[in-house]
Amino acid sequence: MAAKKLCESFSKSLIDDVQKWGCMKQTGVSLRYMMEFGSKPTAKNLLISAQFLYKELPIRIARRAIELENLPYGLSVKPAVLKVRDWYLDSFRDLRSFPEIKNSDDEKEFTQMIKAIKVRHNNVVPTMALGVQQLKKGLRLNNVGYQNLHEIHQFLDRFYMSRIGIRMLIGQHVELHNPNPPPDCVGYIHTKMSPVKVAESASEDARAICLREYGSAPNIKIYGDPSFTFPYVPTHLHLMVFELVKNSLRAVQERFMDSDKVAPPVRIIVADGIEDVTIKVSDEGGGIPRSGLPKIFTYLYTTAKNPLDEHPDLGTADLVTMAGYGYGLPISRLYARYFGGDLQVISMEGYGTDAYLHLSRLGDSQEPLP
Ligand SMILES: Nc1ncnc2c1ncn2[C@@H]1O[C@H](COP(=O)(O)OP(=O)(O)OP(=O)(O)O)[C@@H](O)[C@H]1O
Ligand SMILES: [Mg+2]
């Protein structure tokens, strides 16, 4: 079924309400705040947290819904994008039609509702990626024309950054209800996360995919003190290291698979500074040409095969994995920036690539609120 125009499928009062909420000011929170607040998940605190989300989530969601309606180059009317927009509007409506949260029972019901919202939005990234692919095909663009789509990159950066924030807030609130949280965990935050251990597990996962795809995989060496810990969200770090290692393994594998030489290992170095924890993922996979470097953080650039060319039915299936869309680096950088960090990639063409993942140690930086 083709998604319908906004005015056909949603009432005018809902659209007016979206406009109104979309203009309100968003409120950001920091990692430290989430950690301190969440360390005392009393009924009273859970109520305060739910009341905050009751006001904050519709503001953030309305902003995204409005933006989804006003994208350039006809992206807004691509079927996949309409589908995403409808998820946002459905979630906005669920939140706005929920009665005021006055007591613990209301709070519990509200928690179930936002949990369902989070699930509804699980496939936003691959579905948007599909919409962008549809646009790219429609415009007959290949990797050359990406500069013209600057506005779309900027939009996607804002859109996905906002999504990271919304999911963090919902996930954190839901997790605080866990009666038996794992030791040293406050919701999604691990107060004593070992970056070396997370890097080990992300590397194993990436290596398993490489083995599956190529039949062999370069080794990975990790340097750093496994007993060093700091507060962070392990799932975020796992995702970032996984993406970086996947890129490195692919580069090394492609370069060495037909050669007599032994593939050099991918090296991961974890450094604990005063301001930052920095993780370097270093490979000898031949690097990236300088002309390609400005494109690697865009959502349209990939040197991998387009999964849509190989599986045209991806458009209708429920996508859960994403390979070769060119999303690994830009999304990882957003995760890094979400808590005040950053990601940089430096390449020596003909030799290899170093990716520097900086994570802010202090946890004081406010969420970026696009
Ligand atoms: N370590 C690396 N060595 C060589 N090229 C790299 C490396 N990392 C990234 N690249 C280049 O940058 C492009 C973009 O990387 P990115 O991770 O964003 O997307 P992808 O790997 O193509 O697809 P996805 O990560 O979404 O599956 C890659 O296609 C590749 O050409
Ligand atoms: Mg990648």
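Biologist: Where is the place of Tyr325?

Modeller: Tyr325 is in the loop between helices α11 (307–310) and α12 (328–338). Helices here are DSSP runs of H or I with at least four residues, strands are runs of E with at least two, and both are numbered from the N terminus. The model is predicted, so local features need pLDDT of at least 70 and side-chain atom pairs count only at pLDDT 80 or more, while totals for chains, interfaces and linings use all residues. Residues are numbered from 1 along each chain as its sequence is written, and chains are lettered from A and ligands numbered from 1 in the order in which they are written.

Biologist: Is Tyr325 buried or exposed?

Modeller: Count the C-beta atoms, placed from the backbone, within 10 Å of the residue's own: 20 or more others make it buried, 12 or fewer exposed, and anything in between partly exposed. Tyr325 has 24 others within 10 Å, so Tyr325 is buried. Tyr325 also lies 8.9 Å from Leu130, C-alpha to C-alpha, although the two are 195 residues apart in sequence.

Biologist: Into which domains is the protein chain divided?

Modeller: Domain bounds come from an automatic or database domain assignment. Here domain 1 covers 6–182 and domain 2 covers 188–360. Their centres, taken over C-alpha atoms, are separated by 26 Å.

Biologist: How many residues of domain 1 are in contact with domain 2?

Modeller: Two residues are in contact if their C-beta atoms, placed from the backbone, lie within 7 Å. By that rule, 26 residues of domain 1 are in contact with 22 residues of domain 2. On the domain 1 side, α3 (31–38), α7 (124–138) and α8 (150–175) are the elements that give two or more residues. The largest share, eleven residues, comes from α8. That side divides into 15 nonpolar, eight polar and three charged residues. Nonpolar means Ala, Val, Leu, Ile, Met, Phe, Trp, Tyr, Cys and Pro; charged means Asp, Glu, Lys and Arg; the others, Gly among them, are polar.

Biologist: At what angle do α5 and α6 pack?

Modeller: Axes are lines fitted to C-alpha atoms, for helices over the stretch in contact, and angles between N-to-C directions run from 0 to 180 degrees. Under 35 degrees is roughly parallel, over 145 roughly antiparallel, 65 to 115 roughly perpendicular, and the rest oblique. Helices α5 (residues 79–96) and α6 (residues 104–120) pack at about 175 degrees, with axes 10 Å apart. They are therefore roughly antiparallel. Trp87, Asp90, Ser91 and Asp94 of α5 meet Met113, Ile117 and Arg120 of α6. These contact residues are three nonpolar, one polar and three charged.

Biologist: In what order do the five strands of the open sheet stand?

Modeller: Strands of a sheet pair through backbone hydrogen bonds, either parallel or antiparallel. Two strands pair if DSSP finds at least two bridges between them. The order is β3-β5-β6-β8-β7, with mixed pairing. β3 (220–223) and β7 are at the edges with a single partner strand each, so one side of each has no neighbour in the sheet. The twist averages 15 degrees from one strand to the next.

Biologist: How many bridges join β6 to β8?

Modeller: Eight bridges join β6 (residues 276–283) to β8, and the two run antiparallel. Asp276 has Ser360 as its bridge partner in β8. β7 (residues 342–348) is also antiparallel to β8, over seven bridges. In that pair, Val345 stands opposite Ala355, and Met348 stands opposite Gly352. Strand β8 (residues 352–360) is mostly covered, with seven of its nine residues buried. Helix α12 lies across β7 and β8, at about 140 degrees to β7.

Biologist: Which residue in the hairpin of β7 and β8 takes a positive phi?

Modeller: Most residues other than glycine have a negative phi. In this hairpin, with three residues between the strands, Gly350 takes a positive phi near 90 degrees. Tyr73 is not a glycine, yet its phi is positive, about 60 degrees. Tyr73 is in the loop between α4 (43–69) and α5, and counts as partly exposed with 15 C-beta neighbours inside 10 Å. Asp184 also has a positive phi, near 65 degrees. Asp184 is in the loop between α8 and β1, and with 12 C-beta neighbours inside 10 Å it counts as exposed.
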